Each structure stands twice: as structure tokens, then as C-alpha cells.
Amino acid sequence: MSVVAPRSFEDALAELAVEPDRHTLAGGTDLMVEVNFDHRRPESVLSLHRIAELREWATHDEQLVLGSGVTCATLERPPFTTLAPALAQAARTVGSPQIRNAATIGGNLCTASPAGDLLPVLSALDASIVCARAAGTRTVSIHEFLLGPKRTALEVGELVERIEIPVAQGGQEFLKVGARNAMVIAIASVAMIATSIDVRIALGSVGPTVIRARGSERWIGERGFDPAVIDELAERVAGEARPIDDHRSSAEYRRHAIRVCTQRAAQRIFGDGL
Amino acid sequence: MSASITYRLRVNGEERDISDGWVGESLLYVLRERLGLPGAKNACEQGECGSCSVLVDGTLVCACLVLAGACEERSIETVEALGDDGSLSDVQDAFVEAGAVQCGFCTPGLVVAVHDLLAREPRPDELAVREAISGNLCRCTGYGRILDAVARVVAERGEW
């Protein structure tokens, strides 16, 4: 049994190459719950907390490059409120201040919960996920990375190194419905991203993983936006959700919440607000 | 491969050695059960309630979600370190005076969260206070007297 906490990403990959079964620990806000409740009994852990390079970020050629260890507390504040407003909004809705101080974007991706708050935004932005192993890196589209509930394309021996998204060019909104405002797992969420050429919409907590509302995106792309189409757009987007009944909500309410969140997101981006 | 792990923590300025630890133990468990520091409370063990709030390298976190064995070389501060020589801190005093302590179970976590807020933001508006304590559940007070307590500290510190 051991906990290793290397100081460089290269050393972390080398550790994983030697012992691929190590549990990877990022912010701990998902893994430790499973350990505390005895759903996992880790024998050995690879903690990423000492790796400063994973907490770095930069902009290059209108791309925002985020290290996988960037926390939600970082993302919810400037300059991300202008570089990636929807991501900042989503980060601010995660858990509590204590959780956001620890939880990372890489952890949110790798846990791949259907309710992961950052995931609809990353989907709507067509994020690229750079996965690394000791032998080299590969870049995977978010759409190929998220395979299903708690399932990703990350292979044994790989770590997420960084996430690449475009810097915001137009309006962006993220809306989430839960039982209350703070400390809540999403019942439904909507990310809407407008660019100079299109509108992208992604839905959280209403399917086994994030759903891109591609039919609605095509419809609004052909139809063109004006305030009169908001209700029909919301209806179409709600129709693309695949919600289920569970302990958190009914499928019917989830679909309704998607409809309302879509209306509000469209009003905020295209109308004179709400 | 050994069945247990040994490591050293720096808690409230003191070096503390942990031996025979299990690799999966949370910082909360180690503080309470191995180091005799029961100030951080154990309630939900999933980061929902904030009653185990501590500072790790100056950052407010839930100790139940921190792997103790990954805390070597990190500075850990608990509610026990807030007052000088056994006296109450100004935040703790204000909680008592405002009637913000009822059953008291959530109080240590709230006190740590309020110290953290006021260290970063000495004059927060009410929304900032509400957001800062949104991860700390209190089932007795309804939060009104907790907000009063924070306002008292802000006013008192402002007079200096």
C-alpha cells in the first residue's frame, strides 16, 4: 500500500506505467466519497496535487488551454468569466465553496457523471481532451471521450493532461435546476453557446451522458434566430432530452426544466435579458 | 508490500507522525481518531455538510474529502488553532453572543468557513456571506443569527 505524489506530470505518467492500477486522485471530491462509504478500497494511490503544471492555463490563438488540475474555484472567477462565461457559470454551481476549492475540471471529466456540471459546457464547445501516457499523448474529442454514465475513453495508464476550448466569441449561458441553489446535484442543465456562425446546445442530467441537441441546433441554424422562435426552440430542445425517473426527479419534470432553461438561455443571449 | 502506511502531517504548526495508517483514511478520520483533534465534526462523509471544514495550505476544504496520506508537506489548520491559548477567536465570540450556536454541531465548520471568508474579504456583503457559508449546513438556527454573528465581526474588526 502506498500514496505517491510526484512533482511533475512526467513522473506521474512514469508511476502509472509501472503500476497502472493505482487509483488516480485529483481533487478527491468524488473518489473520497466512494472510499468513505467503502465502495472502493484503494491499495495504492497516485495523487496529482503536487503537480503545479496541471493547474496552469493559457490562451493560444483564440484557444483556451486548461490544465486538468484547474479547480472549479479558479474557473468561476475572472478572467474565466469573460474567456469562458458558461464554464465559469457551471463551475460556480458545483457543490459548495469547499468542494469547488478542491474539485478539478479533469476530475469532473474522468468521473463522467451524467450530472457533471462542466460537461454540457465542454460538449457545447466541442472541447478537445488531451490524454497522456508515458509513451506520448493523443487528443480525443469530448464527444468520443464521454462514453456513458461513469465511462470514458481514458485508457489504463493514461491521465488527462489538458482540455482545449475556444475562447468565447459570442453569448454563452449555463443554467442548472436542482432542489435548491447551493450544494446540489443537477436535475437538469442546459449549456448554450452562440458563435458568429452557429448556436450549440448541450443538456446535462437528462440522459446517460451529455446530449448535444443537434437537431435543434440545425433547425435554429436554418431558421435564423428571432425572439419569436424561442418557444419552439425550447420545445424542440426538450424533445431531444432522454430523461429518466429517479430519486432526484421525474422524467417529466426534467423535460420541463430543459424547456424552461432553454427559453431563459436564449432570452439572455439573444433577447433583452431576464 | 506493507499493509499500512507511515507519514508525517503538519497540523496547527506541529509535526505529527502517523503510523499504521490505512491508505484510504480521510484527513477527518486521522484528525479525530489518531490525533485527538475532534473539533472538525464527522457527519455526512461526502462533503455535503461542511461540518469538517479545515484549511489545507490555506484553502478551505472538507477534511472528509481529503486523503490524509496525500497531505505530507502540506499545512493543515483546524478550528482548534483559531483562538489564542484556549480563548475564543472573535468569530467564535460573535457566534456565542449572537445566539448563532444552538446544538453546536455545525459551529466549528462554520467558524472556520467564516474565518476563511473574512481573511479573503474583510467587508463582504450579505450575498457574499451567504455564498461563503452555502456549504455549511445548520439545521437549528435558520442561519439568521449566523449572518448576525458575521456582521458583528465585520463591524468589530472595522473599528480597529
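Domain bounds here come from an automatic or database domain assignment. The model shown in every view is predicted.

**Figure 1. The two domains of chain B.** Chain B splits into domain 1 (5-80) and domain 2 (90-158). Their C-alpha centres lie 22 Å apart. Twelve residues of domain 1 of chain B are in contact with eleven residues of domain 2 of chain B. On the domain 1 side, strand β3 (residues 53-56) of chain B gives the largest share, three residues. By class, that side of domain 1 of chain B has seven nonpolar, four polar and one charged residues.

**Figure 2. B:Asp85, a residue with positive phi.** B:Asp85 is in the loop between β5 (75-77) and α2 (90-98) of chain B. Its phi is near 50°, a positive value in a residue other than glycine. Most residues other than glycine have a negative phi. Is B:Asp85 buried or exposed? B:Asp85 counts as exposed, because it has 4 C-beta neighbours inside 10 Å. The cut-off for exposed is 12 or fewer.

**Figure 3. Chain A as a whole.** Chain A has twelve helices and 14 strands. The radius of gyration of chain A is 19 Å, close to the 19 Å that the globule rule gives for 274 residues, so chain A is as compact as a globular protein of that length. Along the principal axes, the C-alpha atoms of chain A fill a box of roughly 60 × 45 × 30 Å. Of the 274 residues of chain A, 51% count as buried. Take the contacts in chain A between residues at least 6 apart in sequence: 63% of them join residues at least 24 apart.

**Figure 4. The two domains of chain A.** Chain A is divided into domain 1 (2-166) and domain 2 (172-270). Taken over C-alpha atoms, the centres of these domains of chain A are separated by 24 Å. The contact joins 20 residues of domain 1 of chain A to 24 residues of domain 2 of chain A. Which elements give two or more residues to the domain 1 side? They are α5 (85-92), α8 (119-124) and β8 (146-148) of chain A. The largest share, five residues, comes from α8(A). This side of domain 1 of chain A has 13 nonpolar, six polar and one charged residues.

**Figure 5. The cis peptide bond at A:Pro79.** The bond runs from A:Pro78 to A:Pro79 and is cis, with omega near 5°. Most peptide bonds are trans. A:Pro79 is found in the loop between α3 (72-75) and α4 (80-83) of chain A.

**Figure 6. A:Ser205, a buried loop residue with positive phi.** A:Ser205 lies in the loop between β13 (199-204) and β14 (211-212) of chain A. Its phi is positive, about 65°, although A:Ser205 is not a glycine. A:Ser205 counts as buried, because it has 31 C-beta neighbours inside 10 Å. The cut-off for buried is 20 or more.

**Figure 7. The contact between chain A and chain B.** The contact takes 27 residues from chain A and 27 residues from chain B. Which strand gives the most to the side of chain B that touches chain A? Strand β4 (residues 59-62) of chain B does, with four residues. The residues on this side of chain B divide into 13 nonpolar, twelve polar and two charged.

Key
Residues are numbered from 1 along each chain as its sequence is written. Chains are lettered from A and ligands numbered from 1 in the order in which they are written. This is a predicted model: local features need pLDDT of at least 70, side-chain atom pairs count only at pLDDT 80 or more; totals for chains, interfaces and linings use all residues. Two residues are in contact if their C-beta atoms, placed from the backbone, lie within 7 Å. Ala, Val, Leu, Ile, Met, Phe, Trp, Tyr, Cys and Pro count as nonpolar, Asp, Glu, Lys and Arg as charged, and the others, Gly among them, as polar. The radius of gyration is taken over C-alpha atoms; the globule rule is 2.2 Å times the number of residues to the power 0.38.
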